[in-house]
Amino acid sequence: MTLEEKVNMIHASSSFTSGGVPRLGIPEMVTSDGPHGVRLEHGRGWNAQKGVLDSGTYLPTGICLASTWNPALGFAFGSVLGSEANFRGKDVILGPGINIMRSPLNGRNFEYLSEDPYLVSKMVVGYIKGVQAQGISACVKHFAGNNQETNRGSIDVQMSERALMEIYLPGFKAAIQEGGVYTLMGSYNKFRGQWATQNNYLINQILKKEWGFKGAVISDWGAVHSTAQAIWNGTDLEMGTDLDMGPHPNYGKFFLGDTVVTLVKTGKMPVSLVDDKVRRLLYVMYKANMLGGGKRMKGEYNTAAHQATAQKVAEEGIVLLKNEDKILPLKSDVKSIAVIGYNADRKQAMGGGSSQVKAFFEVTPLQGLQNIAGKKVKITYTKGYNIARGAGADADMIKQAVQAASKADVAVIVGGWTHGYDYNVWSDNAYDTEGFDKTDMQMPFGQNELIKAVLAANPRTVVVLMGGGPIDVTQWVSDAKGIIQAWYPGMEGGNALAKIIFGQVNPSGKLPVSFPKKLEDAPAIKLGQYPGDGVTVNYFDDIYVGYRYFDTYKVEPQFAFGYGLSYTTFKYSDLHVQTGDKTATVTFKIKNTGAVAGAEVAQLYVKQEKLNLPRPEKELKGFDKVFLQAGEEKTVTLTLNEDAFKYFNDIKNQWEMDSGVFDFIVGSSSRDIKLTGTGTL
């Protein structure tokens, strides 16, 4: 290649493509958002195209996928994405997003997986392998420390080395070394004073040298700030916006454009640095069958099988949070249901910013209830509240909702957060969306007043919460008999939700993130800084993220990490711990002691009894989702290797494992402990 041809490959050639080399038959590399569905078509610009085939499968969002605690569904999920990306002519799908849920206010928590690095690691590997089995490159993001949207383009993240190693990097390491991901996206923020996308320590030292990453580092759009730092510090492909470059942008003016040619030709920069970037991009192209007549998979688009996967993820990801007096599932004596809430009939697929999906169809909760109930149950619908920025309770709408609820056997309120349609518009969307964080955890649009009024009118009320994370329910949680966390459950979400409500599906989802009672209880707010002073944010909460904080500091969450109810009951028994020098095998039995089939996520936490350095009360190190028929019993075996017992000693700057006694704690959640044993390693 000529130098100019090489440089043409390391920067964008349009909004979503990077440059190829026509002379050598090297094509442009085509990228697409997003993490839960191939984004609507933009072509070479930023305006959505019209009249094109871009309505696809809208999968549940990342937090719903993680709530399944089922890595096999991660593979199925990724397979759908990869197949549809192939059909759409894409080479790289810009997902999964795996940033740790540090603050409940983060606007992109809905895209991410968990507050826990182990759960993230287990779910991300299947997702990546599913995408790449279809011949498409997955792109894990955002590396690293992008745990808030507020000031994301300027904030300097400061954290301890121990927090970095134990909390914020393990998911990325698993993506590289276990998932074999081909591309990785750098983040917008600074990390310890240097932009993350051109950060020598993160990219050169850890990602490429220590972890052995062979693929390409892609910048987030507009995240490169310096030609020299990007060249020297490991950025392989600069992507970016052309919004400020007029109708005919010159991509050669990017940082990794013509300036690089000049620097190399004048001897100020070695060509070997450019060669390394081109080799990495060619590696990705080879893996994605883009070169040398490689046979591309045809892909499938919006098939019944894809839609079935979307529904299965929703069915296993929706979480039953409360079921007092067994209000759920609804019995045959229920002849009328008052469905209340704007979110009950609001489509969410086009929300969230870059993760927008133009869904082929989207079944809302109201439609799902109508589909599953059929003609046997009378269903009425009232909005209950308006969705508008700053909107409060509407007395007339609440009155209508109360009247409907009082006349029905059961009321179902669908509320919670909302997605936005365009992250540049504040009117309806600054909750779960790219570019903005929530300002608080309070229920918007006067929903508290609505829910309290409906509960008073009809105690047989089920509250369904949509959204990408925790919300403050303290004003009414003790009065509601039934609460369901539905997340953003995808195109079949309404049917999945209705099947759970009517008992056709037994819920098995478990929370991948702790729900604090109030914002002040969240460790990022209580111990750390959030969102920082506008320049720097210090992670003083350190390794005490999520349940690690709640359990260690003895703070009661609203709903604990790993928590989720079922329509059946499970009995744990016969715990045995067998230890070697640096490994342990834990076995126990689980029996379905109820009357219906169900699935239980058995969680294994580890605690070291004698500490050389402070450690959390316990840490998740294993889990298994066990499917059991009524009366059935199975033996669960979980094997832990040395990594399960290590911690990062930031005094010695190395991973260590101390010999001694460890507690092996088996639970249905981080707070619902069923069995405890000990072993010496």
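Close-up 1. Rings of Phe, Tyr and Trp (its six-membered ring) pair if their centres lie within 6.5 Å; planes under 30 degrees apart count as stacked, over 60 as edge-to-face and the rest as tilted. This is a predicted model, in which local features need pLDDT of at least 70 and side-chain atom pairs count only at pLDDT 80 or more, while totals for chains, interfaces and linings use all residues. Residues are numbered from 1 along each chain as its sequence is written, and side-chain values use heavy atoms, with hydrogens and water left out.

Close-up 2. The structure holds 29 aromatic pairs. One of them is edge-to-face: Phe110 and Tyr488, at 6.2 Å centre to centre and 85° between the planes. Phe110 sits in the loop between β4 (92-93) and α4, and Tyr488 in the loop between β16 (482-487) and α15, 378 residues apart. Helices (H or I, at least four residues) and strands (E, at least two) are DSSP runs, numbered from the N terminus. Phe110 is buried, at 0% relative accessible area, and Tyr488 is buried at 0% too. Here buried means under 20% relative accessible area, exposed over 50%, and partly exposed in between (1.4 Å probe, protein chains only). Tyr342 and Tyr385 make a tilted pair, with ring centres 6.4 Å apart and planes at 40°. Tyr342 is partly exposed at 23%, whereas Tyr385 is buried at 2%.

**Close-up 3. The buried side of helix α12.** In α12 (residues 365-373), the buried residues are Pro365, Leu366, Gly368, Leu369, Ile372 and Ala373. They lie on the same side of the helix because they cover an arc of only 165° around the axis, taken from the directions from the helix axis to the C-beta atoms. Their cover includes β12 (336-340), β13 (378-382), β14 (410-416), β15 (461-466) and α15 (493-501).

**Close-up 4. The largest pocket.** Its volume is about 810 Å³, the space filled by probe spheres set on grid points joined across faces, edges and corners. On a 1 Å grid over the protein atoms alone, a pocket is an open set of points where a 1.4 Å probe fits, with protein on both sides within 12 Å along at least five of seven lines; lining residues have an atom within 4 Å of a point. Of the 29 lining residues, the closest to the centre are Tyr118, Pro170, Glu178, Asp643 and Ala644. Strand β21 (619-628) gives the most to the lining, with five residues.

Note on methods
Contact = heavy atoms within 4.5 Å.
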